[in-house]
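Visitor: Hi! Could you walk me through this one? I'd like to start with the ligand.

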Amino acid sequence: MNIRDKSWSQAENKTFDVAIIGAGINGAAVYKRLCSDGYNVLLIDKGDFSCGTSQASAMMIWGGLLYLKNLDISSVYALSKDRDTLISSYKEQIMPAHFRYVFNKNKGRNKFFVYFALHFYWLLGFFRREKPEFQDYFDELSFIKHDAADGSINYQEGFLKWSDSRFVLDWILSCQSLDSLALNYCAIQEGSFDQQDKQWSLSLSDLTSNHRCNVKAKVLINCAGVWTDNVNEQFNIQSRYKHVFSKGVFIAYERPKTHRQPLIFDMGEHGDTLTLIPWGPVSLWGPTETLVQSIEEGYTITTEDIYFLQEHARRHLKSTLVNSKIVSFRCGLRPLVVKKGFKADCYPLDLSRHYKILEDPVLPWISVYGGKLSGCISLAAKVAAKISRKIPKRQEGLPLRNDQAENIRWNFFPGLEVRVPAIDWCVENEFCCTLEDYLRRRTNISQWIPREGLGYNNENIWFLEELAAHLPANNARTPGNHLKAYVNTVHDGCDRLIKTFENHTGGFNEPSEV
Ligand SMILES: Cc1cc2nc3c(=O)[nH]c(=O)nc-3n(C[C@H](O)[C@H](O)[C@H](O)COP(=O)(O)OP(=O)(O)OC[C@H]3O[C@@H](n4cnc5c(N)ncnc54)[C@H](O)[C@@H]3O)c2cc1C
């Protein structure tokens with residue numbers, strides 16, 4: 001029996017101290033913290049683990065440099081502390097990384113202003129990172145436009161080694177035990193609070209098989225990211241906060257050999273920046289910041305998004321890079337917390353990236369709003385403090401598992417230089433249910449290989465067919481269906497986008513430089 005089937009059967013009729021709704025970075029951090037505090041915890045996600053915003057970030061573990069703009073010293077201090085705790089505690093997953101702020105000859109922030117700001121930032125991080133330094137010459141100048149670069153300054157933050165979704169997944173997997181369980185593709189069919197036995201009753205269904213089970217929990221925590229308001233509505237929870245949504249899109253170019261570290265460019269609008277991040281065989285360019293009205297709109301990449309990114313890329317980067325083929329797209333929706341009556345009509349960067357944790361005054365219910373990868377440890381500690389006032393800790397926390405990485409079975413994928421966890425291993429041990437789970441979140445194949453792993457000319461279809469044969473089959477999903485469903489998604493998403501773009505511009509390879 002694979003880990004997923006085992007977890008579903010263990011969950012049946014079980015009573016948990018806490019159930020967490022939503023397995024992105026916030027849900028995973030709270031899960032990990034509560035498990036290590038000795039609570040019995042259930043973590044559920046209606047999709048795959050980390051299938052929301054936490055699979056689409058820039059993967060930077062930063063100390064809150066952005067907040068210096070408003071002289072919000074306490075936030076910078078707290079986030080820098082979180083960043084450094086994460087870097088020192090999770091060396092396998094997070095590495096210290098140099099970021100390079102590239103000065104523009106014609107516009108952008110003053111060199112000495114940036115120099116002093118970054119030194120102040122370094123000081124607020126108690127000098128735990130390396131000292132910022134001016135550098136006029138660096139390898140990346142080979143693909144930056146001559147008039148776009150006027151020296152640079154190097155400073156240090158943290159960066160996820162593999163990916164954001166792998167980071168979340170590893171945290172979740174390290175907590176699986178007889179007492180604490182995580183379930184993906186798990187929908188809450190019904191939920192209500194029983195005033196007599198002071199517990200929530202939840203009826204859950206497995207979306208891959210329609211299997212149902214009932215569980216109970218003393219406290220519910222809503223960590224559903226951009227869906228937090230929907231979940232509160234489902235349970236009739238009133239709140240003084242809500243989320244507004246800011247869409248962030250990256251495009252991934254083929255990575256030039258000389259691209260070694262994240263580059264930061266002044267966008268020249270709204271005081272915002274754009275980054276070029278080296279990640280495996282690709283260079284991620286973006287992200288955009290667009291306020292959107294709905295979640296659906298937020299997960300739709302438009303031609304405007306791509307034009308915007310290409311246009312700005314042309315201002316900073318040489319045509320050899322900008323006109324190279326686009327390998328993949330990456331789109332996420334930032335959940336930004338605001339007061340209920342707030343009408344957002346500003347540039348989204350002006351909205352707070354802080355988190356809020358709100359307890360319902362009547363029911364044992366906690367809603368988590370906003371947040372970032374970087375602040376997840378202190379967010380989880382604050383939620384844990386609230387839980388400990390409701391439920392005394394049961395025991396000293398069990399040591400969390402860290403044997404996963406040692407036992408992984410590895411495989412290769414055509415066109416990738418690094419090895420990847422084998423799909424049968426991921427099905428057995430990592431709750432992998434579909435090709436997309438495997439190609440996007442258990443590995444980075446769909447972001448690193450063109451057309452989400454299919455290859456520019458479908459040259460990898462045969463390999464995906466072999467992979468699909470290892471996926472759990474049921475009535476709806478035979479290996480053939482798995483492949484068909486995946487290929488259809490690529491046609492409707494990635495291919496549609498490339499086609500629309502080519503129709504408008506005559507292709508990615510038009511030789512123009514603005
Ligand atoms: C373009 C971009 C770049 C970013 N870069 C960075 C960065 O470099 N560093 C950084 O620190 N932060 C960054 N962020 C912010 C960060 O990624 C997000 O704040 C964070 O991932 C949000 O995590 P979350 O757990 O709140 O939400 P999510 O990751 O969206 O998780 C919510 C989960 O809840 C599940 N869910 C929803 N409804 C239900 C339901 N009814 N039942 C069960 N489950 C449900 C969803 O399926 C989802 O998996 C970036 C964000 C974007 C968009």
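Visitor: What lies 3.0 Å from an oxygen atom of the ligand at Asn-26?

Guide: A backbone N or O atom of Asn-26 sits at that distance from the ligand oxygen. Bear in mind that this is a predicted model.

Visitor: How much of the ligand's accessible area does the protein cover?

Guide: It covers 96% of the 1000 Å² that the ligand has on its own.

Visitor: Which elements give two or more residues to that shell?

Guide: Helix H2 (25-36), strand S11 (241-254) and strand S16 (326-339). S16 gives the most, with three residues.

Visitor: How many residues surround the ligand in total?

Guide: There are 34, and Asp-45 and Met-60 are among the closest. By class, 18 are nonpolar, twelve polar and four charged.

Visitor: Why does the ligand lie between domain 1 and domain 2?

Guide: Because both domain 1 (3-54 + 165-238 + 360-390) and domain 2 (95-158 + 245-335) give residues to the shell around it.

Visitor: Switching topic: what about strand S2, are its faces covered or open?

Guide: Both faces are covered. Val-41 and Leu-43 are buried on one side, Leu-42 and Ile-44 on the other. In a regular strand, side chains alternate between the two faces of the sheet.

Visitor: And in which sense does S2 pair with S1?

Guide: Parallel, over four bridges. Within that pairing, Ile-44 in S2 has Ile-21 opposite.

Methods. Residues numbered from 1 in each chain as written. Predicted model: local features only at pLDDT ≥ 70, side-chain atom pairs only at ≥ 80, totals over all residues. Heavy atoms only, no water. Near = heavy atom within 4 Å. Polar contact = N/O pair within 3.5 Å; in protein donor to acceptor, adjacent residues only side chain to side chain. Areas by Shrake-Rupley, 256 points an atom, 1.4 Å probe, with all protein chains shown as cover. Nonpolar A, V, L, I, M, F, W, Y, C, P; charged D, E, K, R; others polar. Domains from an automatic or database assignment. Buried < 20%, exposed > 50% of the residue type's maximum accessible area, 1.4 Å probe, protein only. Pairing = 2+ DSSP bridges.
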